[in-house]
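Please open the structure in your viewer and keep the selection tool at hand.

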Amino acid sequence: MARLRELARSEARRHRRGRVVVAGYGEVGSTAADALADAGVPHVVLDSAEKPGVDVVGDVTDPEALERAGVADAESVLIALDDDTTAIFATLVVERLAPEAEIIVRANDAASVKKIYRAGAEYVLALSTVSGRMLASNLTDEEVIAPQSQIEIVRVDAPRLVGTSLAKADVRARTGSTVLAVERDDELRTDVGPDFRIRSGDTLVVAGTDEAVNAFNERYG
């Protein structure tokens with residue numbers, strides 16, 4: 001259990017220059033690889049099937065296959081799989097093999113995002129979130145997919161905040177995100193002032209940029 005906890009804890013990384021490893025060559029992975037090629041970014045594609053565009057054939061959860069793809073020296077690893085459980089295992093393996101690499105993961109189900117963060121990913125985005133932002137962009141003519149305007153409202157658990165008041169936690173100053181409401185006993189509480197104290201079982205409704213929400217999950221999740 002101690003070893004699993006160590007593997008699942010997301011830590012700060014010292015980023016370095018190098019290639020990008022794209023693990024998974026479906027629609028998302030191939031699109032990402034094409035974008036990297038257009039930008040002149042060196043990259044290696046790893047996939048379980050031998051087909052045009054794949055550089056290394058192997059299981060993305062197999063340490064040997066990842067090593068052949070050069071994950072140990074990679075600047076970033078993009079995990080683009082169609083199964084979230086496999087993505088979680090792949091994230092754990094990459095975190096162990098390349099602790100300094102930036103891990104970016106596709107999530108098919110929004111409910112898997114938190115689990116993937118706990119496995120060690122630095123950036124996770126559910127396909128439903130991307131789709132929603134694309135639709136919003138078309139409807140409002142606003143570029144809501146741009147990094148500077150990616151505001152999310154998410155439901156999260158925060159076990160490390162249990163017993164702490166919002167004033168003492170100082171969530172906004174420490175993470176850049178804002179607690180909008182709390183779900184408690186099947187009731188949505190919006191009266192979350194500075195003296196509001198988080199209890200075990202509470203689910204928080206948090207707003208912030210992707211970076212701020214990520215910081216909240218890492219600090220309090």
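The stops below go from a sheet to a single residue, then to a core and to charged pairs.

This is a predicted model, in which local features need pLDDT of at least 70 and side-chain atom pairs count only at pLDDT 80 or more, while totals for chains, interfaces and linings use all residues. Residues are numbered from 1 along each chain as its sequence is written, and side-chain values use heavy atoms, with hydrogens and water left out.

**The sheet.** Select the six strands of the open sheet, which follow the order β3-β2-β1-β4-β5-β6 with parallel pairing. Strands (E, at least two residues) and helices (H or I, at least four residues) are DSSP runs numbered from the N terminus, and two strands pair if DSSP finds at least two bridges between them. At the edges stand β3 (56-57) and β6 (123-126); each has a single partner strand, so one side of each lacks a neighbour in the sheet. Next, select helix α2 (residues 27-38), which packs on the sheet and touches β1 (20-23), β2 (43-47), β4 and β5.

**Ser76.** Move to β4 (residues 76-79), which four bridges join to β5 (residues 102-107). Which residue of β5 is the bridge partner of Ser76? The partner is Glu102, and the side chains of Ser76 and Glu102 also make a polar contact at 3.0 Å (a pair of N or O atoms within 3.5 Å; within protein, one must be able to donate a hydrogen and the other to accept it, and residues adjacent in sequence count only if both atoms are side-chain atoms). Ser76 is buried, at 8% relative accessible area; buried means under 20%, exposed over 50% and partly exposed in between, with a 1.4 Å probe and protein chains only.

**The core.** Now select Leu46, Val77, Ile79, Val94, Val105 and Val124, the residues with the most contacts inside the largest nonpolar core, which has 29 residues. Such a core is a set of buried Ala, Val, Leu, Ile, Met, Phe, Trp, Tyr and Cys residues joined through side-chain atoms within 4.5 Å.

**Charged pairs.** Finally, select Lys114 and Asp157, whose side chains meet in a salt bridge (4.0 Å, N to O). The term requires a side-chain nitrogen of Lys or Arg within 4 Å of a carboxyl oxygen of Asp or Glu. Lys114 belongs to helix α5 and Asp157 to strand β7 (residues 151-157), so this pair ties together parts 43 residues apart in sequence. Select Arg184 and Asp202 as well: their side chains form a salt bridge at 2.7 Å, N to O, and both residues are buried.

How values were computed
Contact means heavy atoms within 4.5 Å. Axes are lines fitted to C-alpha atoms, for helices over the stretch in contact, and angles run from 0 to 180 degrees between N-to-C directions.
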